Amino acid sequence: MSLSTPLRRSAATTARVQTSTTFICSQCRHATLLRRPKRPYQFTQLITLTDGSTFTHRTSSPAPIYRTTRDTRNALLWNPSSNKLKNIEDDEAGRLAAFRAKFGRIWDANTPVNEDADNKDGESAESKKAAAAAEAAAAQEEEDNLLDLISSFGQEEQGSKKKN
Amino acid sequence: MAASEPSRYLARSLPRTLVPSSRHQALCWRRNASDQASSKASSAGLSDLESASSLTTTVSEDIIKSFQPIERARARKTQLPRSRYQFRSPKYDRGPLHPHRPPPPSDPSSRLFVPGPFSLPRVEQTFQSTVASDILTLLYVHNPPGFKPPVKAPRLRSWDDSSPYHKNRPLRGPRGGDVLRLLRHPITFNNIPKLERITLHSYVKQAASEHSGWLHVAGMAVQAISNVRVQTYKSKASVSQWHISPGRDSVAVKAELRGENMHHFFGKLVDVVMPKIKDWEGVKGSSGDSSGNITFGIEGKDMALFPEIEANYDMYPPKMLPGCHITIHTSATTDKDARMLLSALGVPFYGKLVN
């Protein structure tokens with residue numbers, strides 16, 4: 001082993017010395033094997049973008065159709081002016097959308113209202129009344145939300161019945 | 001060589017013997033050894049010559065009658081073997097002096113022939129139909145008739161002959177650094193910047209310190225996404241922390257895409273893979289080698305976003321999936337033009353654009 005390493009190194013150094021950019025036109029006596037180029041097999045695949053447009057390409061993947069979930073048509077980086085994409089929630093699997101379809105939007109967190117209430121609490125004792133009022137308002141809103149839920153539940157039922 | 005000697009002598013000596021010289025031979029006292037030798041050789045060569053031409057020999061009538069290639073081909077019951085009518089390239093290139101030379105690689109009978117292209121890629125169509133004319137419009141510089149551009153100083157300066165040592169020196173390099181940058185010719189219809197080739201390069205440091213499986217996985221992954229057989233490369237630099245010494249271990253994998261492969265790869269990279277990369281801002285604006293080639297990298301976990309790797313993700317050990325550097329070589333000579341081309345084709349850039 002100790003013998004082989006210096007030998008290898010010397011071989012490597014000579015190889016590096018031999019590679020030069022100048023073309024030396026000397027007769028070469030050995031025959032060069034003409035290797036057939038290796039070409040991996042390619043399939044034709046249809047790519048369906050999210051907006052429904054399609055194009056074909058040659059690929060090594062055997063799947064005939066590839067449907068994208070996220071591409072240049074619905075990525076914010078490629079559509080910077082789109083408001084629809086700006087406030088998009090992390091709902092790639094569609095679970096949130098499914099929940100909303102089932103129960104409506106009433107379970108959405110009312111974050112701005114709560115934040116305002118917290119700020120008022122921290123500021124001063126004078127604003128405690130206002131805070132209490134805000135809390136009451138929030139509670140009222142929550143109740144409203146719950147009432148909404150009940151009322152909308154019935155309405156949805158009626159609506160669906162009407163549709164049917 | 002030996003066979004050609006008499007004829008050479010003959011060619012020299014024949015005019016001398018046939019043309020009657022004005023000088024009288026007997027009066028010429030000077031005698032050269034070469035004269036003597038040539039006259040001797042000429043006489044020997046002339047005696048060896050055949051008197052009749054070989055072209056005048058007559059062929060007998062029955063041989064001419066019997067030579068009927070069309071009849072013979074019609075009378076043949078079975079087809080000739082393939083080797084009798086199909087040219088087959090030699091397996092080895094034996095040099096320019098060998099009588100049996102392989103055909104050029106563009107010839108379909110060549111062993112190096114690569115058929116194609118088989119499709120018209122979408123990126124190429126987009127480039128031809130919209131991008132090329134857009135770039136041509138954007139880069140148009142109007143010069144009024146009769147405009148003459150100001151004469152620029154030569155790029156390589158000459159030495160002022162203040163010192164006698166300046167004689168025969170090569171010209172001085174450009175001012176402000178030794179780098180002689182590429183010339184940017186005005187963009188016209190025939191030099192619109194376009195994609196030339198894409199290089200995928202993946203340096204796997206564990207291939208040296210651990211086993212070669214890392215390199216195999218990297219090669220498979222790069223081949224899968226690029227449709228091109230990869231080449232392996234040995235390290236040129238010594239990195240002692242990774243136990244890499246120059247010229248010992250194969251540590252890198254490279255695939256070079258051209259033409260159809262390149263366009264398909266670029267299309268799927270921009271349309272499918274780039275939007276899926278998490279928290280990706282784009283290609284950094286300062287990337288590029290200031291001569292129109294732009295490089296960016298994608299990490300190992302982003303390699304899994306390619307549809308080919310996604311199709312059988314289980315084949316690749318997830319930890320061994322390599323990242324790679326993607327170099328896009330364009331025919332533009334400045335980074336600004338290259339960036340304009342790439343952003344027209346859909347590659348986003350961020351940060352300060354450095355040219």
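Six bridges join β6(B) to strand β7 (residues 324-330) of chain B, and the two run antiparallel. Within this pair, B:Ile298 has B:Cys324 of β7(B) as its bridge partner. Strands pair if DSSP finds at least two bridges between them. Helices (H or I, at least four residues) and strands (E, at least two) are DSSP runs, numbered from the N terminus.

This is a predicted model, in which local features need pLDDT of at least 70 and side-chain atom pairs count only at pLDDT 80 or more, while totals for chains, interfaces and linings use all residues. Residues are numbered from 1 along each chain as its sequence is written, and chains are lettered from A and ligands numbered from 1 in the order in which they are written.

**The sheet of chain B**

β6(B) and β7(B) belong to an open sheet of five strands, in the order β3-β4-β2-β7-β6, with antiparallel pairing. β3 (231-234) and β6 (293-298) of chain B stand at the edges; each has a single partner strand, so one side of each is left without a neighbour in the sheet. On average, neighbouring strands of this sheet are turned by 25° against each other, direction ignored. Helix α12 (residues 335-344) of chain B lies across β6 and β7 of chain B, at about 55° to β6(B). Axes are lines fitted to C-alpha atoms, for helices over the stretch in contact, and angles run from 0 to 180 degrees between N-to-C directions.

The expected span of a helix is 1.5 Å times one less than its number of residues.

| Helix | Residues | End-to-end C-alpha distance | Expected span |
|---|---|---|---|
| α6(B) | 17 residues | 23 Å | 24 Å |

α6(B) bends by about 45° at B:Gln128. That bend is the angle between axes fitted to the seven residues ending there and the seven starting there. B:Val123, B:Glu124, B:Phe127, B:Val131 and B:Ile135 of α6(B) are buried. A residue is buried if 20 or more other C-beta atoms lie within 10 Å of its own, exposed if 12 or fewer, and partly exposed in between, with C-beta atoms placed from the backbone. The buried residues of α6(B) pack against α9 (259-273) and α12 of chain B.

In α8(B), ten of the 14 residues are buried, so this helix is largely enclosed by the rest of the structure. Among them are B:Trp214, B:Leu215 and B:Ile225. B:Asn227 follows α8(B) and has a positive phi, near 65°.

**Chain A**

Chain A has five helices and four strands. Its elements run α-β-β-β-β-α-α-α-α from the N terminus on. Buried residues make up 7% of its 164 residues. Strands β2 (residues 43-48) and β3 (residues 54-59) of chain A run antiparallel and are joined by six bridges. A:Arg58 in β3(A) is the bridge partner of A:Thr44. The two strands form a hairpin with five residues between them, and A:Gly52 in the turn has a positive phi of about 95°.

**Where the chains meet**

34 residues of chain B are in contact with 33 residues of chain A. Contact requires C-beta atoms, placed from the backbone, to lie within 7 Å. On the side of chain B that touches chain A, β1 (92-93), α8 (213-226), α9 and α11 (307-311) each supply at least two residues. α9(B) gives the largest share, seven residues. Two bridges join strand β1 (residues 32-33) of chain A to β1(B), and these strands run antiparallel. Here A:Leu33 has B:Tyr92 as its bridge partner.

Note on methods
Contact = placed C-beta atoms within 7 Å.
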